[in-house]
Amino acid sequence: LAQAGATSCLLREAQTSICSAGGAVGSMAMAVAFAAPRGTLLPQQTAPAPGGLAEASAKSLARPSGAPSVGEHVLSKAGMALALGVAAARRRVHRRRAKAARVAQRAEAVAEVASPVREGQRTVGRAAHWVIRTTNLKRTVDFCSDVLSLKVLRHEELEAGCKITCNGAYAKPWSKTMVGFRTEDLGYCLEVTYTYGVESYTEGSGLKHIAVTVADVKAALEAATRLGYAAEGDVVTGPEAYKFRLISQPAGRSERFFYSAVRVKNLAKAEEFYTAIGLKALGLGLVGGPAFLSALGVEEAAVRVMGFGGEEEVPLVLIEDAKSPLFKLQTWEGRNLLSIPTNQLRSAYNTVIEKKPAGGRVLHKLQSEPLNKLLNVPDLEIAVLVAPEGFEVGIVSSESFDPAVKFAYNPEAVIDYAWRENHMATVLEEMAQVEALKKTGS
């Protein structure tokens, strides 16, 4: 108790000395604290002795020659305590300022995307993205980056399966990674979904390929082969057996995705459905004309190019394959998402409900989702339709969707693959426990 009282007095004296000296000791110690890497021992800071706290305390009783006195040691420790407190306060201020700056940037982005001029530019629908699956996110992201020159636009980890089956009919944790060339409100992209615990997908026969333009087709094909992917002509088979056709970037075109192509058994029915929800048949010249037919080895009568007629559109190409002995769609096929003005979306949805064009139907009913209040936009309206042959078509209200994805843009997102690996182990363990409970009837 006497020693504790003496130490307390010395501490008060030390604090008085630091204050009267204008904080010189604290300033110096704080400078060291800022300069030292994490884990570096600061002045008067010693590593724990191997024998534990008791042994370390016993050894400290013997003061070597030249070692600081108790008063000096307490003075230094008091200075360090004050310095670390000041440093912590400064870090808190820095974090608050950084957060305020981020909020200001977001608000500026919101003001930009919600301006009347931008809203007025979106008077027709557009294809927004195609959903694909992966069992190895890093491999897929690396392929998209190294071969297609795509970049990650945002990445999200979700703890429950998507209620509108974005990741398929799996009630498991999953992630989605948007990859593209520019922000989602302006350009087409891919939504890469990964579901924890799903080890493989069965390849379907409906999705033929997605065409992407690149600066150098030969270099992109060589990059693909170096990574071990097969290339046939200008088509590369990437992760999960998805095929991508590589095309030279046309002069003056900003959009790098060119089209998505699917097989259908009945072209007339497919065209009827897509026309009923607002798309129209566009000219074959939009996808390359005769060169396109030659590259794919198909007749013009077997092809329809469907779109909204917007600028730099990424159309859906329907290719009739009536003689195919096997035509079966799988979860692997994913989903095509269309961003449509609300009035057109409701009209398309009601048409499918009332008329069921060419056998089309609703998979997930029209629903509203509230968005970030900072956006000051209506709730997002979304529904999922099923086209003839079984292709899923998502439709979202563009007045809400486009500002929302612009707001969510996060190119600095870092995918923590180590965390994901640990999370996978946790998910698998929980799944095993659930299965064990089912077997025991608990």
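Which side chain meets lysine 163 in a salt bridge? Keep that in mind while the ground rules go by. This is a predicted model, in which local features need pLDDT of at least 70 and side-chain atom pairs count only at pLDDT 80 or more, while totals for chains, interfaces and linings use all residues. Residues are numbered from 1 along each chain as its sequence is written, and side-chain values use heavy atoms, with hydrogens and water left out.

**Stop 1: the whole chain**

Start with a cartoon view. The chain has twelve helices and 16 strands; these are DSSP runs numbered from the N terminus, with helices being H or I of at least four residues and strands E of at least two. Now color by burial: 43% of the 442 residues count as buried. Here buried means under 20% relative accessible area, exposed over 50%, and partly exposed in between, with a 1.4 Å probe and protein chains only.

**Stop 2: lysine 163 and its partner**

Select lysine 163 and glutamate 369. Their side chains form the salt bridge of the opening question, at 2.7 Å from N to O. The term covers a side-chain nitrogen of Lys or Arg within 4 Å of a carboxyl oxygen of Asp or Glu. Glutamate 369 belongs to strand 14 (residues 361-369), whereas lysine 163 sits in the loop between strand 2 (151-158) and strand 3 (174-180), so the pair links parts of the chain 206 residues apart. Lysine 163 is exposed at 60% relative accessible area, while glutamate 369 is partly exposed at 24%.

**Stop 3**

Cysteine 162 and cysteine 166 are joined by a disulfide, S to S 2.5 Å; a disulfide here is a pair of cysteine sulfur atoms within 2.5 Å. The structure holds one disulfide. Cysteine 162 is buried at 16% relative accessible area, and cysteine 166 is buried at 18%.

Then click on threonine 165, in the loop between strand 2 and strand 3. Threonine 165 is not a glycine, yet its phi is positive, about 50 degrees. Most residues other than glycine have a negative phi.

**Stop 3: further salt bridges**

Select arginine 182 and glutamate 255, whose side chains meet at 3.3 Å, N to O. Arginine 182 is in the loop between strand 3 and strand 4 (189-195), and glutamate 255 is in the loop between strand 8 (243-248) and strand 9 (257-264), 73 residues apart. Glutamate 255 is buried at 3% relative accessibility, while arginine 182 is partly exposed at 25%.

Next, select glutamate 392 and arginine 335, with their closest N and O atoms 2.7 Å apart. Because glutamate 392 lies in strand 16 (residues 392-397) and arginine 335 in strand 13 (residues 335-340), the pair ties together parts 57 residues apart in sequence. Arginine 335 is buried at 6% relative accessibility; glutamate 392 is partly exposed at 23%.

For a network of salt bridges, select Arg154, Glu156 and Glu184, which are linked in one.

**Stop 4: the nonpolar cores**

Which residues touch the most other members of the largest nonpolar core? Select Leu190, Tyr274 and Ile277: within this core of 63 residues, they are the ones. A nonpolar core is a set of buried Ala, Val, Leu, Ile, Met, Phe, Trp, Tyr and Cys residues joined through side-chain atoms within 4.5 Å. Helix 7 (residues 217-226) supplies the largest share of this core, five residues.

Center on tyrosine 274. Leaving aside residues up to four places away in sequence, tyrosine 274 touches Leu279, Met306, Leu316, Leu318, Ala387, Phe391 and Val393. Another core of 15 residues lies apart from the largest one, and its members include Ala261, Leu284, Val298 and Val303.

**Stop 5: alanine 241**

Finish at alanine 241, in the loop between strand 7 (235-237) and strand 8. Alanine 241 has a positive phi of about 70 degrees, although it is not a glycine. At 23% relative accessibility, alanine 241 is partly exposed.

Key. Contact means heavy atoms within 4.5 Å.
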